[in-house]
Amino acid sequence: MIYFNSDYLEGAHPAIMERLSKTNMEQTVGYGEDEYCAAAREKIKEACQAPEADVHFLVGGTQTNTTVIASILRPYQGVLSPTSGHVNCHETGAIESTGHKVLTLPTDNGKITAKQVQDYYNWHHFNPDYEHMVMPGMVYISFPTEGGTLYTKAELTELYDVCKKCGLPLFIDGARLGYGLTCDACDLTLPELARLCDIFYIGGTKVGALFGEAVVVMNPELKRDFRFMMKQRGGMLAKGRLLGLQFDTLFTDGLYFRIARHANEMAKKVHAIFADNGYSFLFDSPTNQQYPIMSDAELAVLGQNFGYEYWDRMDETHSAIRFASSWATTQENVDALRKAVENLKK
């Protein structure tokens, strides 16, 4: 089997595995206060051109989302999110388990607009029964979105302006941030994105690390006591140096962006395979996630040798599926996929 289900199916980039092995018997202090975490923090702040930022390392995306959101919201507040947002669809009620409601906004491409946020805020703020309803306390988006789509610089600027106007901190889930920033359609740089939100994270689990996410706190008001929340939510890894070492490696000599760019190049080839054979797509994704629409009969044949993520039912006989490339996707596997798809048409 060749698996295109997701972008975290392999272990870690060889450079990371080499450093983990080489430093295995070293002794360091714990809980992210070691020299490797310190070095990684400085490299990330430099990459973001944000010397004033705080950087924290957590193990996984769901853990990061719950920790960040719980650290921002008051007990009576909820988080605004696209209906397709990861915190709404793929985290088993993790946000609700912290006592906070996910307040969803409709979307057909994974993105939400500044107008939607403003309208929801106004609807709640000027409602005579507002004290009896969950108050919106922050906004959550992903970059890229769950459909592989991107916010433009203009869209993100407009969204952040409204968030600041309404007093709603903007949190960007960057589980696949590298893939978003390095695709041809992106008109944002990492420093620009960092200044168009209050807090975001740089995904490692899906972009070359064995595990790990780096939270970057831009808003000074959100920095206080964040490590207390990390500890309470199970996000403070005792052997924290394992996280710092990985991000130190990823942010040395541009490795993070280099391997993310490779995934996008492979995704272009995957997209071409389906487009060249007459298939349409659920989303117009320029990133490493591609969503062709195929007949169920074709999927039954393709699924004998290729793993993919089932996404949505389109009609009685057709479904949308996801093929995700990664930093480790090989040309050989892409070539095998092309041959298999072409054979479906014979």
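In this predicted model, the axes of helix H12 (residues 255-276) and helix H14 (residues 331-344) come within 10 Å and cross at roughly 10 degrees, with axes fitted to C-alpha atoms over the stretch in contact and angles running from 0 to 180 degrees between N-to-C directions. H12 is therefore roughly parallel to H14, a label for angles under 35 degrees. The contact (heavy atoms within 4.5 Å) draws on Met266, Lys269, Val270, Ala272, Ile273, Phe274 and Asp276 of H12, which meet Gln331, Val334, Leu337, Arg338 and Val341 of H14. Eight nonpolar, one polar and three charged residues make up this contact.

Turning to the strands, E3 (residues 77-82) has six of its six residues buried, so E3 is largely enclosed by the rest of the structure; buried here means under 20% relative accessible area with a 1.4 Å probe, protein chains only. E3 runs parallel to strand E5 (residues 135-142), joined by four bridges, and Gln77 has Met135 as its bridge partner in E5. Four bridges also link E3 with strand E4 (residues 102-105), again in the parallel sense, and here Val79 faces Val102. Pairing requires at least two DSSP bridges between two strands.

Buried residues of H3 include Thr64, Asn65, Val68 and Ile72.

Residues are numbered from 1 along each chain as its sequence is written. Local features need pLDDT of at least 70, and side-chain values use heavy atoms, leaving out hydrogens and water.

Methods: Predicted model: local features only at pLDDT ≥ 70, side-chain atom pairs only at ≥ 80, totals over all residues. Buried < 20%, exposed > 50% of the residue type's maximum accessible area, 1.4 Å probe, protein only. Helix = DSSP H or I, 4+ residues; strand = E, 2+ residues; numbered from the N terminus. Parallel < 35°, antiparallel > 145°, perpendicular 65-115°, else oblique. Nonpolar A, V, L, I, M, F, W, Y, C, P; charged D, E, K, R; others polar.
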